[in-house]
Amino acid sequence: MGVRDDAEAIAPELVRLRRDIHREPEIGLHLPSTQGKVLTALEGLPLEISVGTALSSVTAVLRGGGAGALGGDALGGDAKGPVVLLRGDMDALPVAERTGLDYASQTEGVMHACGHDLHVAMLAGAARLLAARQRDLPGTVVFMFQPGEEGHAGARHMIAEGVLDAAGQRPAAAYALHVASADWPAGVISTRPGPMLAAAEVLAVTVHGHGGHGSEPYHAADPIPAACEMVTALQTLVTRKFDVFDPVVITVGSFHAGTTDNVIPDDATFLATVRSFSPGARDQVRESALALVGGIAGGHGLTVSAEFRDGYPVTVNDEAETRFAARVAADLLGEERCVPQLNPMTGAEDFSFVLEQVPGAFLMLGACPPGADPATAPNNHAPDAVFDDSVLAAGAALYAELALQRLAAAVP
Ligand SMILES: [Zn+2]
Ligand SMILES: [Zn+2]
């Protein structure tokens, strides 16, 4: 039987695992119960398993050709074949679920609203499918079960703890799937070469003045008008300094200063999210935004503390790996179920840290429930977002097939 049929055969188990995880969502880097479920799902498979220290990650290594049991000689000499990494993130969000599903979250205020519960089930399914083909596997597969995608840079922590060297050699390629509760019908794959998701960072600015009486601003140093100028000047910066085809988004989402009408405060503070789609634009916006707020403060005789807080880099899909992955998906699932992604998405992903070091591809997988309109269905992160279980077998099969095909291909 092919991977697709085998995946359908284990679909009920994948649904069960996914719903178990959905019922008990966990946030951040420490997901002990989710980690336990992953370890149970992998039990009995011929995997080298290690768990994280700084986070509750699970790294599982499957060595093909019986290489693990035979000291790496099964493929002849030292040739163990290439390594492919498959990643699934595990964490939930601080969202109060309103789906009304019978397997809805039992933890108040926490929900798998980004579908990472499906990623865990699909990746565990792929481990099962590939383990059954271990003897014929011309290389090694690393399964990266990752906590803390939602703002905690879990991928960066796992890289620091050695996930990219877990097999003893660097992966030749890395792939991640991400489900979507809207935008695409269930089972449709979408990806694009080049930038796939934005870089996202926080720009934190505090303008320092000198407080005083609101009736005598000339005896004080008022930080508020200068901070307001910065907010509008940042929008001008976006339109005057950046290529319209390599755009930048700056949104000031928080602005705080003062206590009452007739007191000039010492400080004014604002926070902005800054999104960009190329490493060049990311570097440029960092430099020019800091120079701009510094210049405005200086022009008014004020000082400013401004910094870009560590965010996620642009998720850049490798050209050849993305072409390869799209072809594998089309062969496996049908040409009509693979659609090109025209523009990058404005969301961000910490799989970007993996793709900075390993060529690979990030693919979206539609999981909009049948009967719902992908154009209007509640999107990822919404309290009523529903991700359809029917895509689990296809997702597991695609993870497995990507590894199988990529290990067999000398070049993608
Ligand atoms: Zn998310
Ligand atoms: Zn996500």
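**Figure 1. Helix 2 gives the most to the lining of the second largest pocket, with four residues.** Welcome to this predicted model; the tour starts at a pocket holding about 230 Å³ of space. Helix 2 (11-23), helix 3 (32-42) and helix 4 (116-131) each supply at least two residues of the lining. Look for I10, E13, L14, L17, D20, K37, T40, A41, E43, A124, G125 and R128, which line this second largest pocket. Sorted by class, the lining has five nonpolar, two polar and five charged residues.

**Figure 2. The largest pocket contains about 600 Å³ of space.** Here the lining is made by 26 residues. To find the centre, look for C114, L197, G347, A348 and H381, the lining residues that lie nearest to it. Which elements give two or more residues to this lining? They are strand 5 (173-185), strand 13 and strand 16 (360-368). Strand 5 gives the most, with four residues. By class, the lining of the largest pocket has 11 nonpolar, eight polar and seven charged residues.

**Figure 3. Four strands form an open sheet in the order 10-12-8-13.** The pairing in this sheet is antiparallel. In general, strands of a sheet pair through backbone hydrogen bonds, either parallel or antiparallel. At the edges you will find strand 10 (248-257) and strand 13 (303-312), each of which pairs on one side only. On average, neighbouring strands of the sheet are turned by 20° against each other, direction ignored.

**Figure 4. A closer look at strand 10 and its partner, strand 12 (residues 267-276).** How many bridges join these two strands? They pair over nine bridges, in the antiparallel sense. A handy place to start is V249, which stands opposite R275 in strand 12.

**Figure 5. Helix 6 (residues 223-241) packs on the sheet.** This helix touches strand 8 (199-208), strand 10, strand 12 and strand 13. The direction of helix 6 makes about 170° with that of strand 10.

**Figure 6. Helix 7 (residues 279-299) lies across strands of the sheet as well.** Strand 8, strand 10, strand 12 and strand 13 are the ones that helix 7 lies across. Compared with strand 13, helix 7 runs at about 165°.

Methods:
Residues are numbered from 1 along each chain as its sequence is written. Chains are lettered from A and ligands numbered from 1 in the order in which they are written. This is a predicted model: local features need pLDDT of at least 70, side-chain atom pairs count only at pLDDT 80 or more; totals for chains, interfaces and linings use all residues. Side-chain values use heavy atoms; hydrogens and water are left out. Two strands pair if DSSP finds at least two bridges between them. Axes are lines fitted to C-alpha atoms, for helices over the stretch in contact, and angles run from 0 to 180 degrees between N-to-C directions. Contact means heavy atoms within 4.5 Å. On a 1 Å grid over the protein atoms alone, a cavity is a set of points where a 1.4 Å probe fits but cannot get out, and a pocket is an open set with protein on both sides within 12 Å along at least five of seven lines; lining residues have an atom within 4 Å of a point. Grid points are joined across faces, edges and corners, and a volume is the space filled by probe spheres set on the points. Ala, Val, Leu, Ile, Met, Phe, Trp, Tyr, Cys and Pro count as nonpolar, Asp, Glu, Lys and Arg as charged, and the others, Gly among them, as polar.
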